[in-house]
Amino acid sequence: DNSVNLQSMSASQFVGPFLEQVQRWEKSLSLISEVVEVWMVVQRKWMYLEGIFIGGDIRSQLPEESKKFDIIDKAFKKMMVDTAKKTNVLEACSVANRLQELQMLSTGLEKCQKSLNDYLDSKRNAFPRFFFISDDELLSILGSSEATCVQEHM
């Protein structure tokens, strides 16, 4: 809404004295929109992978990816702590290299997700019945040391 209002203001014939200020706000709102969009993607990916890599037995089965995720996890949590100190969204999104840092985190999380998917595919190829269950169910089976957890899927 605010972006549309600013665009209509900049198209107005009376914008003359405020043109610089309107353009600055358009640029700021565009940056905020882009940063928040990438941030939400990173947060969604991080929330999904955190449950897999932090607590389960998957850490021992995928040690390299776990190390990569730990680095990403630490950077993301640091960013969130720093952001909690800044209650102004413009300040939080305008931190130097914030957008680039979020894009790098997103790329790293995608690589972790791809490695996890490759691992799950290798398990499915070894035992074809695993093709009929979801990734989350397969992770719970692979992450559990109890043989009874497989029975509910048979």
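Biologist: How many disulfides does the rule give for this structure?

Modeller: In this predicted model, a disulfide requires a pair of cysteine sulfur atoms within 2.5 Å, and by that rule the count comes to 0 disulfides.

Biologist: What makes Cys93 and Cys112 count as buried or exposed?

Modeller: Buried means under 20% relative accessible area; Cys93 has 3% relative accessibility and therefore counts as buried, and Cys112, at 1%, counts as buried for that reason too.

Biologist: Where is Trp39 placed, and why is Trp39 called buried?

Modeller: Trp39 belongs to helix H2, which covers residues 19-53. Its relative accessibility is 10%, and the cut-off for buried is under 20%, so Trp39 counts as buried. Leaving out residues up to four places away in sequence, Trp39 touches Phe76, Met79, Met80, Thr83, Ala92, Arg98 and Leu102. Trp39 also lies 8.4 Å from Gln103, C-alpha to C-alpha, although 64 residues separate the two in sequence.

Biologist: How do you know that the span of H2 is close to the expected one?

Modeller: H2 has 35 residues, and at 1.5 Å a residue the expected span is 51 Å, to which the 50 Å from its first C-alpha to its last is close. The buried residues of H2 include Val22, Leu29, Ile32, Val38, Trp46 and Phe53.

Biologist: Why are H2 and H4 called oblique to each other?

Modeller: Helix H4 takes in residues 63-85, and H2 packs with H4 at an angle of about 130°, their axes being 11 Å apart. Roughly perpendicular covers 65 to 115 degrees and roughly antiparallel begins over 145, the rest beyond the roughly parallel range being oblique, and H2 and H4 are therefore oblique to each other. The contact is made on the H2 side by residues including Trp39, Val42, Trp46 and Phe53, and on the H4 side by residues including Phe69, Asp73, Phe76 and Met80. The crossing of H2 past H4 is left-handed.

Biologist: What makes Asp73 a buried residue?

Modeller: Asp73, found in helix H4, has a relative accessible area of 8%, which is set against a limit of under 20%, so Asp73 is buried. Apart from neighbours within four places in sequence, Asp73 is in contact with Trp46 and Ile54.

Biologist: What covers the buried residues of H4?

Modeller: The buried residues of H4 are Glu65, Ser66, Phe69, Ile72, Asp73, Phe76, Met79 and Thr83, and what covers them includes H2, helix H3 (58-61), H5 and H6. H4 itself has 23 residues and reaches 33 Å from its first C-alpha to its last, close to the 33 Å expected.

Biologist: Why does Leu120 count as buried, and which residues does Leu120 touch?

Modeller: Leu120, in helix H6 (residues 98-126), has 1% relative accessibility and so counts as buried, the limit being under 20%. Residues up to four places away in sequence aside, Leu120 touches Asp135, Leu138, Leu139 and Leu142. Leu138 is 18 residues from Leu120 in sequence and 7.6 Å from Leu120 in space, C-alpha to C-alpha.

Biologist: What is the phi of Asn97, and why is Asn97 called exposed?

Modeller: Most residues other than glycine have a negative phi. Asn97 is not a glycine, yet its phi is positive, at about 65°. Asn97 is found in the loop between helix H5 (89-93) and H6; its relative accessible area is 55%, the threshold for exposed is over 50%, and Asn97 is therefore exposed.

Key: Residues are numbered from 1 along each chain as its sequence is written. This is a predicted model: local features need pLDDT of at least 70, side-chain atom pairs count only at pLDDT 80 or more; totals for chains, interfaces and linings use all residues. Side-chain values use heavy atoms; hydrogens and water are left out. Buried means under 20% relative accessible area, exposed over 50%, partly exposed in between (1.4 Å probe, protein chains only). Helices (H or I, at least four residues) and strands (E, at least two) are DSSP runs, numbered from the N terminus. Contact means heavy atoms within 4.5 Å. The expected span of a helix is 1.5 Å times one less than its number of residues. Axes are lines fitted to C-alpha atoms, for helices over the stretch in contact, and angles run from 0 to 180 degrees between N-to-C directions. Angles under 35 degrees count as roughly parallel, over 145 as roughly antiparallel, 65 to 115 as roughly perpendicular and the rest as oblique. A crossing is left-handed if the near helix is turned anticlockwise from the far one by less than a right angle, and right-handed if clockwise.
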